[in-house]
Amino acid sequence: MAQQDWWRSAVIYQVYVRSFADGDGDGTGDLAGVRARLPYLAELGVDALWFNPWYLSPMKDGGYDVADYRAIDPAFGTLAEAEKLIAEARELSIRTIVDIVPNHVSDQHPWFRAALAAGPGSPERELFHFRRGRGAHGELPPNDWPSQFVGSTEPVWTRLPDGDWYLHLFTPEQPDLNWAHPAVRQEHEDILRFWFERGVSGVRIDSAALLAKDPDLPDLATTPHPHPFVDRDELHDIYRSWRAVADEYGGVFVGEVWLPDTERFARYLRPDELHTAFNFSFLSCPWDAEQLRASIGTTLAEHAPVGAPATWVLCNHDITRTVTRYGRTDTGFDFAAKAFGTPSDLALGTRRARAAALLSLALPGAVYVYQGEELGLPEAEIPRERIEDPMHFRSGGTDPGRDGCRVPLPWTADAPHAGFGGEPWLPQPDGWAAYAADRQAADPASMLALYREAIRLRPAFGEGPLTWLPAPEGVLAFTRDTGVRCLVNLADAPAELPAHSRVLLSSGPLDPRGRLPRDTAIWLRA
Ligand code: NOJ
């Protein structure tokens, strides 16, 4: 595959900087920590790193409230350090993807502060969505839009002392920008250039299907079609101009596009728009052979007409960690179903997560690995008084929020705080050191060893399409055009292996009769 097409089949590792590695000992992960761990990432074999927002931010939503898109938050480091990191990673053949948040800014962003100061009717307020309220005295929010934090009981409008209300699909500290304003478009194209000029190879686009709003801001109840703020047609024009900027630098996009309608989803991936988008259907899919086969089939079918590669994602910084999810009765992911105290059989979940890793890494397209997934970390139950995630607070305290998948990583089993650095900003649960990278590196049966080996062997599948093979019920079996096969057994009974010349890798041992046990995956050379 040509160098410039690296993103079509890349393994991309997601770095949540705040929780990755703490270089200066203050308990918050930082760029120094990432730089020190680059050899680990090179050894893992990943092609690129996606960094969650690392910009100046009051951290009201883990950095998705950006006060300055051209500055690094001092808790993480400096711009000069980010430039060094990008260059050092590149020396190790690892590319960098930054996370741009175009739907909203922090309420501390200079534009929003200026808008507040300038008052109702000012041109400064036109960069956002300011409106008068409804009701006799404007005391009611301008419309009925629901929060984009699923489960939130809070309004998406906040009223100011001067009587204006402003729109925020997420927290009040994240005012939505007005994408119908030319200055908003110009500014974001400049931000893209700023980062491409610093050597980044790609950009992840946060909340990519939410930017455009119906200018009348109508009630959703009375005007559901077209939706007043999700997946509006105007977005495609925005992304076509972004694509032109990216093409000047050879940069690529990955969009955070949550859309159930696969045909609408694929429109974002037309050749002059985004290169890729996250596959949330696969991520949400229960551990069930038929549902996984259908999800994979639909994904490949929807991408084919636009010529875009699929992406395969099992979790990220918003989602319950894989080993915990797969060990539960309900193995799918649904924000609305999150609850405190949901039991999980972690041994079962881990076995399935190992098989799922081999499944994802055998599929055609790009694969995302979220930090700690390669260590098999479970979701942590964070004590209520230590939770920071606004999703928890905006649900009235019923949703545990997303901090459970954001716990600082364990690096060294015998070091304080499992080698993360200083006293971690989120508590590490008891037993966290057992997952430490140093311990796993020395154990050929560990999750880390499996990921390293799978990423090393993955090119054996080649770049060709997937062909399903006949298989017993509950077994997924497919081949790629190199003849390398992947089988995953989700049935109760062990599965016979087809004729093969070699076992390349398996997620667990075969049974004494050489059959593939339940919840196990294997790669075979035919
Ligand atoms: C999606 C991000 O992944 C999530 O963490 C964030 O809270 C929202 N977008 C708002 O930016």
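**Close-up views of a sheet and a ligand site**

**View 1. Pairing of strands S14 and S15 in the predicted model.** Leu466 stands opposite Arg480, a residue of S15. The two strands S14 and S15, the latter spanning residues 475-480, run antiparallel and are joined by 3 bridges.

**View 2. The open sheet of 5 strands.** The strands follow the order S14-S15-S16-S18-S17, and their pairing is antiparallel. Because strand S14 (466-468) and strand S17 (502-506) each have a single partner strand, they stand at the edges, and one side of each is left without a neighbour in the sheet. On average, and with direction ignored, neighbouring strands of this sheet are turned by 25 degrees against each other.

**View 3. Helices H9 and H14 against the strands.** Helix H9 (residues 289-303) packs on the sheet, where it touches S14 and S15, and its direction makes about 30 degrees with that of S15. Helix H14 (residues 447-457) lies across S17 and strand S18 (520-525), and runs at about 135 degrees to S17.

**View 4. The residues around the ligand.** The ligand has 13 residues around it, of which Asp61, His104, Asp206, His317 and Asp318 come nearest. By class, the residues of this shell divide into 7 charged, 3 polar and 3 nonpolar.

View 5. Of the 300 Å² of accessible area that the ligand has on its own, the protein covers 96%.

Conventions:
Residues numbered from 1 in each chain as written. Predicted model: local features only at pLDDT ≥ 70, side-chain atom pairs only at ≥ 80, totals over all residues. Heavy atoms only, no water. Pairing = 2+ DSSP bridges. Helix = DSSP H or I, 4+ residues; strand = E, 2+ residues; numbered from the N terminus. Axes fitted to C-alpha atoms, helices over the stretch in contact; angles between N-to-C directions. Contact = heavy atoms within 4.5 Å. Near = heavy atom within 4 Å. Areas by Shrake-Rupley, 256 points an atom, 1.4 Å probe, with all protein chains shown as cover. Nonpolar A, V, L, I, M, F, W, Y, C, P; charged D, E, K, R; others polar.
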